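User: I am new to this structure and would like to learn how to read its features. Could you take me through them, giving the general idea before each case?

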Amino acid sequence: MTLLAVLLMVACEDSKDYSWPGNGADVTVGTPVVSEVTYSTAYVTSTVSGSLANMSKKGFCLSTNAEPTIADLAFDVRGSEFAQTVTGLTENTTYYVRAYALVANSVIYSDAVSFTTDAQSEEDKLSEYICPSYPDNYLSVNGWSTRAQWNLANVHDPSVMLADDGYYYMYQTDASYGNSYSGHGHFFCRRSKNLVDWEFLGATMQHVPSWIQPKLNEIRAAMGLGPSTANFNDDNQFGYWAPCVRKVRSDLYRMYYVITMPGTLDGDGTWSERCFIGLMETATPANVSSWVDKGYVITNYSDRNLNFNVAANNWGNCYYKYNAIDPSYIITENGEHWLIYGSWHSGFAAVQINAETGKTITELPMPWGAENEAAYGTRVFTRHPTYRWQGSEAPEVVYRDGWYYLFAAYDGLDVPYNTRVVRSRNITGPYVGMNGTDVTRGGEAYPIVTHPYKFADDQGWVGISHCAIFDDGKGNWFYASQQRFPADVPGINASNAIMLGGVRSIIWTEDGWPLVMPERYGAVPQPAIAEEELIGAWEHIPVRYSSGNMCTSVNITLNANHKVSGAYFNGSSWNYDAEKRILSIGTQKLYLSREVDWEASPRKVTIVYAGYASGGTTTYWGKKK
């Protein structure tokens, strides 16, 4: 009988919390003896003696607290023996157990003893592991009424944080297949304990914030324009984009969010209306309705004064320098708070934030004019210093081991979306890629972190970017983003609109660059990988930038004679450092992990690798067949 079953049985039979510990009524309950302890079970025995005519029940109670009672996990032992194998325990956990007897409606307890379960070996965990079963094609459960079954369906531009309650919380842009979210609020949330199974919680914002209309009209009036003609009672006129959520301290979590305005500044021949970044706060992220709006943070800045008569299709000459979209919030190692933001236009800006208010540390002047630029931030990233319309967005900045890492999304989000990363010793740059390019001054960022790809005969994935980067506080790092089906997948209408959330493990190279694993994270146990496991057929993907195209796999074989054969690395020697989990083919280092083979049917555990070629212009992904 499992602990859960016996707990339910006792809960039904004994709802009263008895409070008379110790021996009495001429009945003695012996101190338990615990033996045969494993990572999930223990064998417990005891004795009971004396006048037993009025004894109606005997058993054990168990807790992680020092004095368990039958209000904790409790189970009765029937028959003449006084012994029980306890199952369902948590590994590497100290438990306290007492024997008890129910005599004439009073509980007599023994003294408590403690024991600690073993740590389960990774080999045992792997032998018991079951791969995730939720479908990649989620259309059968896409409707709002089946949202409890979504898991990671309908995820777009995710932001992920680990809260004090042990849950990872994910928030996102309002985007869903067939507009499933429409009419149900904004900035939806889901949560998970293991990053695999996600519970949908609902919307954190119900309607467009009340501060938007007066703030927009205040700026328009200063520009010499009349009030906005947008219908602020119609939520569907506005965009709800790219939240960034962080834990500030144990009782404070912040969400920076984006509201985009409809229309243009002043009709045809003028640039698009502005966007706003706002702020919400909560102390209890488990309650989606607990978020409190704190109002305006920042808006688009232009260095062109009031010369906004730029046609909306004159991309390279756009009015704004900094677009108030895609915020990334970071608290630096010395306690400063910063917001890095920007989308297309001229690149990304970094602006310092007041730690107490969550607003900019400098009071913001009107958002135009060279004299006001510094208040709206310092440019830290650009692909083209002079061309004002560039395919880069979604900055995400994290700190690790003395470096600030800036991840950026490149190109259009439908298919070519890919992720790059650069780094700096300082939050405001200069940020430099693996090939030495200083992207604060302008240039292409390398390495490529993710890219559209396809293994074997699978349909593959595109649009893999706008990432969240986070860790578990134990040295394990993760990458989360949307990923889309390609267009024209047979049997699926508008297949490129299927947006599934993808969480992937990050392995850091020996010289401190993040590698994202090619297969999604499945919480696969990680016992040692033996060299003999590597021998055999692999699918290998040379990932190079290819606008609008998927990088596809080729077959290679690692032979027992330590030579490689196949379409890539043919004739090269391979060797393996088991301690570091690094496979070397010639001079190329590839970092290994066990992950789920999501393309297999049925899904199975396999071994995958990732590595960067010199300079990062090519990334290698692979998996064992």
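User: What volume does the second largest cavity have, and which residues line the second largest cavity?

Analyst: Rolling a probe the size of a water molecule over the atoms shows where empty space is left. On a 1 Å grid over the protein atoms alone, a cavity is a set of points where a 1.4 Å probe fits but cannot get out, and lining residues have an atom within 4 Å of a point; the grid points are joined across faces, edges and corners, and a volume is the space filled by probe spheres set on the points. In this predicted model, where local features need pLDDT of at least 70 and side-chain atom pairs count only at pLDDT 80 or more, totals for chains, interfaces and linings use all residues. Residues are numbered from 1 along each chain as its sequence is written, and side-chain values use heavy atoms, with hydrogens and water left out. The second largest cavity has a volume of about 40 Å³, and its lining consists of Tyr134, Leu152, Leu195, Val196, Val503, Arg520, Tyr521 and Trp598. By class, seven of these are nonpolar, none polar and one charged, where Ala, Val, Leu, Ile, Met, Phe, Trp, Tyr, Cys and Pro count as nonpolar, Asp, Glu, Lys and Arg as charged, and the others, Gly among them, as polar.

User: Which strands supply at least two residues of the lining of the largest cavity?

Analyst: Strands (E, at least two residues) and helices (H or I, at least four) are DSSP runs, numbered from the N terminus. The strands in question are β15 (239-249), β23 (392-400) and β28 (462-471), and β15 gives the largest share, four residues. The largest cavity holds about 100 Å³ of space; of the 15 residues that line it, Pro243, Pro327, Glu396, His466 and Cys467 are the closest to its centre.

User: How many salt bridges does the structure hold, and are lysine 321 and glutamate 373 buried or exposed?

Analyst: A salt bridge is a side-chain nitrogen of Lys or Arg within 4 Å of a carboxyl oxygen of Asp or Glu, and the structure holds 24 of them. For accessibility, buried means under 20% relative accessible area, exposed over 50%, and partly exposed in between (1.4 Å probe, protein chains only). Lysine 321 and glutamate 373 form a salt bridge with their closest N and O atoms 2.7 Å apart; this pair links distant parts of the chain, 52 residues apart, with lysine 321 in the loop between β18 (292-299) and β19 (328-331) and glutamate 373 in the loop between β21 (348-353) and β22 (378-381). Both lysine 321 and glutamate 373 are buried. By contrast, aspartate 76 and arginine 78, joined at 3.2 Å, pair a buried residue, aspartate 76 at 7%, with an exposed one, arginine 78 at 59%.

User: Why is the pair of tyrosine 322 and tyrosine 341 called edge-to-face?

Analyst: A pair of aromatic rings is described by the distance of the centres and the angle of the planes. Rings of Phe, Tyr and Trp (its six-membered ring) pair if their centres lie within 6.5 Å, and planes under 30 degrees apart count as stacked, over 60 as edge-to-face and the rest as tilted. The structure holds 46 aromatic pairs; the ring centres of tyrosine 322 and tyrosine 341 are 6.4 Å apart and their planes stand at 75°, so this pair is edge-to-face. Tyrosine 322 is buried at 1% relative accessible area, and tyrosine 341 is buried at 0%.

Definitions and conventions
1 Å grid on protein atoms, 1.4 Å probe; cavity = no way out; pocket = protein on both sides within 12 Å on 5 of 7 lines; lining within 4 Å.
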